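Let's take a walk through this protein together, one piece at a time. Keep the picture open beside you as you read.

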Amino acid sequence: MPILNPTPGPGDTYDASSTPPPFGHALKPYFALDEGYVNLNNTGAFGTPPLPVVHSGVRLTYEIERNPDKFHRISYKPLLVKSRETVAKLIGAELDEVVFVPNATHALNTVLRNFEWRKGDVIVGSTTTYGAVASTIRYLADRAEQPRPTVSTITYTFPLTHAQILELFRAKLREVKQQHSGAGFSDVPPLSPGYDGATRGTGNKIVAVVDAIVAVPGAPLPWKEMVRVAREEGVWTVIDAAHSTGQEYGINLSEAKPDFWLSNCHKWLWAKRGCAVLYTPKRNQYIIKSSIPTSHGYVSPGTPEAQEKGTAYVEQHDWAGAVDVVPYLSVPDAVAFREWLGGEKAINAYCHQLALDGGKRLAEVMGTRVLDESGELTAHMLGPPYDLLTFLPGTSQTDVQLPLPVEKTRGEFYSPAQLEEIERTLQDKLLLEHNTYSAHYFHAGAWWTRPSAQVFNEVRPDLFAAPSRCVWAVADSLKVSDFEYLGKAFNAVCKEIEETILAKKAA
């Protein structure tokens, strides 16, 4: 059978020994985005792998299909180990603590559905927990079969300082203990005070699902400190780090020691969609009795095989049914391309500063404000002296208020139906009429947008004073700052919303 040999186009390949283009629009040829599409939601939602990663995936797909049996039975496993080694090194974990699953929601379900729930157990979430994760928590409490946990929710209304977040978190954990004082909560994590290996898995437990970086608003939480607080309180932690790999620098799970941690690789790391990593330290792998779905590698507890293999955590996830394995195997290619561009620290530094500068410019264009005016939620310091060696950039997302009315009381301007209609209108108008997109959401009485800054985006101060251009002219979008173009698009759509959707209520 002939070997696929497509002729590479511009950006499809790169010479690792050459100097890469500078960050900004010069990198757009390395991504398969439509010409003229101003994408400020690329990695905040679905991710877009660079063309070299895409083409490597195409070649691998062709190799698989040339001899599926040979590949899956012989070639696949060594390649999977290489991918796991790559991501383990990146997040500071041991090889046999990381496995791949299709997405972060799948990983979260793998953890929560493997806990042996008892009457009196509590799952702690928050008002900013990602929708599918919040629904999973709710489902576990709603199931008809007993026993099932109850749900407790922390209210986060941003902006908040990290000190305030930690205070709210600790207060909620202690409130749960007080409200369920009869439970005792003796089922604590292995690293917590009072852990007894002889009685593990008995008694009640509290499990806290914590965002590393909130989806909306796009704010990083002090999750490492929250893990420490939970450990002191005898509470299990499941860290939903869906946006962390490739965005958060210096993760180091071996040092942070969460009980479980999960993250997408197809968002900020640029692997093919969908690929997520699930970290379970060896001390907690006894909890993950089954992959989802249950694979051939399942080991029944109490058998001689279980004495030898435990739960066979890695083996179960090596093959949990026939899926496209190319996304899992694309991680080394994605990391190699990132290293060519300068590596994690350089990418993080550029995108983080771009988020700060772009957020300010976007607020100027719309005549509004950024959510994080202090900067604490978009940057973190290692400590003095604050030079380039001790400063570690934070997230590559920012949150900017949209030019729409702000409610002081719920329902003052927006009914539930209007909120839904505004959400649809923003989505459709931005994508179909203005050829741009940035996530948008309603929080604390106001509408906000969460641009996700990427290496192919830029802010060009020299063009800030450029003459006003027709916002829907795609050609013009290539000549101005990405954030300026987005701001003009939002201005046009929000003006239309006020004149139509909101005018109905006023009338």
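Is Arg138 buried, partly exposed or exposed? With a relative accessibility of 42%, Arg138 counts as partly exposed, since buried means under 20% relative accessible area, exposed means over 50%, and partly exposed lies in between (1.4 Å probe, protein chains only). Before going further, note that this is a predicted model, in which local features need pLDDT of at least 70, side-chain atom pairs count only at pLDDT 80 or more, and totals for chains, interfaces and linings use all residues. Residues are numbered from 1 along each chain as its sequence is written, and side-chain values use heavy atoms, leaving out hydrogens and water.

Arg138 has a partner: its side chain meets that of Asp142 in a salt bridge (3.2 Å, N to O). The term means a side-chain nitrogen of Lys or Arg within 4 Å of a carboxyl oxygen of Asp or Glu. Both residues sit in helix H4 (residues 131-142), 4 residues apart, so about one helical turn separates Arg138 and Asp142. Helices (H or I, at least four residues) and strands (E, at least two) are DSSP runs, numbered from the N terminus. Asp142 is partly exposed too, with a relative accessible area of 48%.

By this rule, the count of salt bridges comes to 24. One of them joins Lys205 to Asp121, whose closest N and O atoms are 2.9 Å apart. Lys205 lies in the loop between helix H5 (162-179) and E5, and Asp121 in the loop between helix H3 (104-112) and strand E3 (122-126), so the pair ties together parts that are 84 residues apart in sequence. Both Lys205 and Asp121 are buried.

Now look for the sheet. Here 7 strands form an open sheet in the order E2-E8-E7-E6-E5-E3-E4, with mixed pairing; two strands pair if DSSP finds at least two bridges between them. At the edges are strand E2 (98-101) and strand E4 (150-154), each pairing on one side only. Further in, strand E5 (residues 206-211) and strand E6 (residues 236-240) pair in the parallel sense over 5 bridges. There, Ala208 has Thr237 in E6 as its bridge partner.

Finally, find two helices. Helix H12 (residues 344-366) and helix H15 (residues 482-499) pack at an angle of about 35 degrees, their axes 8 Å apart. Axes are lines fitted to C-alpha atoms, for helices over the stretch in contact, and angles run from 0 to 180 degrees between N-to-C directions.
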